[in-house]
Amino acid sequence: MGIRIEDLTVTFKNKVAAIDHADLEIPKGIFGLLGENGAGKTTLMRVLTTVLSPTGGTVTLDGIPYREGNYDKIRRKIGYLPQEIDLYPGLSVQECLEYMGNLSGLSKQTARERIDYYLEKTSLSAHRRKKMRQLSGGMKRRVGLVQALLNEPEFLIVDEPTTGLDPEERIRIRNLLVDFSEGRTVLFSTHVVEDLAATCNQLAVMKKGKFLYAGSMRELLEQAEGHIWTCKAKDETTARELERKYHVSSKQYRGSELQIRLISELHPEIVCSPCEATLEDAYIYIANKK
Amino acid sequence: MIREMKISLPVQKLAYAIFFVVILSLVRGVTYSVEIGIALEAPMAILALTFCADTYTQEIVSRRSEVQRLYPMKKRVRAVYRRILVQELFLLALAIGGYGLFFLFQNPGTAGMGQDGLDSEMCRFLIYVAAIAVTLLFWGILSTLLACLFRNMWIGIGGCLLLWVLTNSSMGDRYLGRWNLFSYTYRSLENSGDPGWICGKIVCICIAVTAAAVLPEIIEKRG
């Protein structure tokens, strides 16, 4: 069933529309949410976790409409890792997770078993006695993810779970999310394109409160196909000239020359050749398409 | 309960509370032991209202409340009540300790006291414990409630301080009399047998019980 969003609008008191008449369907599996900072991703997640009430439109989760009377039912199905969360600094990792597990309604025995399992999965077992305040940013993020998984929710909503993690940790967390998504829905919000490329088949791109794209990764890449170009610039001045005219997705020194990837609807007015689109190229293409 | 203690009684809070009482017992002069309760009640009320203001707002500031919204309300509320209880018990122990510190540092006189009945030292101490327990409960719960209502610890503290200033004054005494929240402080020392000041404490209990009953609703609505 998944999550269905129809004509969703969230307008703040200052009249800023964080989400503007958005429609989206999030099926089972891992679903990516991509967008620049301030695109409305976090607002959307806050609506889905019932932290924020929408100004307009409808949202349903497994067919259950979001309204006051259904919130308890909905909340039981969700696990959430907010973008910023500061877990109890005076408690150890084990104590913190046991406390949150207990608050969420898990029995002590079940909570302990799941804590053991997920600490192992996130390579935190050796740190379980450490106080939360002694952990690095990446470790705290992983503990935050464990607390979201403890209830084994049907819908897991994670807001930038890989922020502050080193490459190995990121891979571990991504794999954990993929494993967890079997038979469940995982909404994975990030602005790190490669995290989505490595985990999701389905994704949505957000900009200024609207969905610019929602669908499969393959279709997104297909849309960008034929609009990505590679060219060489002799010096930095030429490169800057190109940056002014086109969206440049990468710039790399190859010997004395600069190799540049451009995104352009039409063939650029320089010597260049078309190349295969990456997800990053496709995202920039979609985000800046007129 | 141990986790609630670790969460709501971090070292810095314990330190400033103990420091506050020690300094108070050193600088606030008393001549007779009967004045100790008066010296302690109003300052302990300030300590309680600042101490308890972050009982729940720490969840809001740290964004843990966003996750906790997904948890059963009953469990959340029970956790908040447990935290209030832990803090109130600590403050009560501190208030009792503070009473002892006044004796230790200032050696106040006990002149004019009987050896038994309402005039005995022990009886005065027990009355003080009962009165201060109600005072701590009232100010602690009220500041928690206001802080939750406005989702801001400082509004909880500020709102309570305003009420503190209004009631802990000669104006409060004049207009509210025996129904004043600080009726114990403003009671007549000459007529120690008059239990009229209990009315003020009954008002405190009624408001505190109402606040405690409303608190879950506010936490649910304001998150």
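**Notebook: domain and chain contacts**

I began inside chain A, where eight residues of domain 1 are in contact with five residues of domain 2. I count two residues as in contact if their C-beta atoms, placed from the backbone, lie within 7 Å. This is a predicted model, in which local features need pLDDT of at least 70, side-chain atom pairs count only at pLDDT 80 or more, and totals for chains, interfaces and linings use all residues. Residues are numbered from 1 along each chain as its sequence is written, and chains are lettered from A and ligands numbered from 1 in the order in which they are written.

Next I looked up which elements form the domain 1 side. Helix H7 (193-197), strand S9 (202-207) and strand S10 (210-216) of chain A each supply at least two residues there. H7(A) gives the largest share, three residues. I took helices (H or I, at least four residues) and strands (E, at least two) as DSSP runs, numbered from the N terminus. I sorted this side by residue type: seven nonpolar, no polar and one charged. Ala, Val, Leu, Ile, Met, Phe, Trp, Tyr, Cys and Pro count as nonpolar, Asp, Glu, Lys and Arg as charged, and the others, Gly among them, as polar.

I then checked the bounds. Chain A has domain 1 (3-216) and domain 2 (225-288). These bounds come from an automatic or database domain assignment. The C-alpha centres of the two domains lie 34 Å apart.

Last, I turned to chain B. I found 20 residues of chain A in contact with 18 residues of chain B. On the chain A side, strand S6 (78-81) and helix H3 (93-103) each supply at least two residues. H3(A) gives the largest share, three residues. This side divides into ten nonpolar, six polar and four charged residues.
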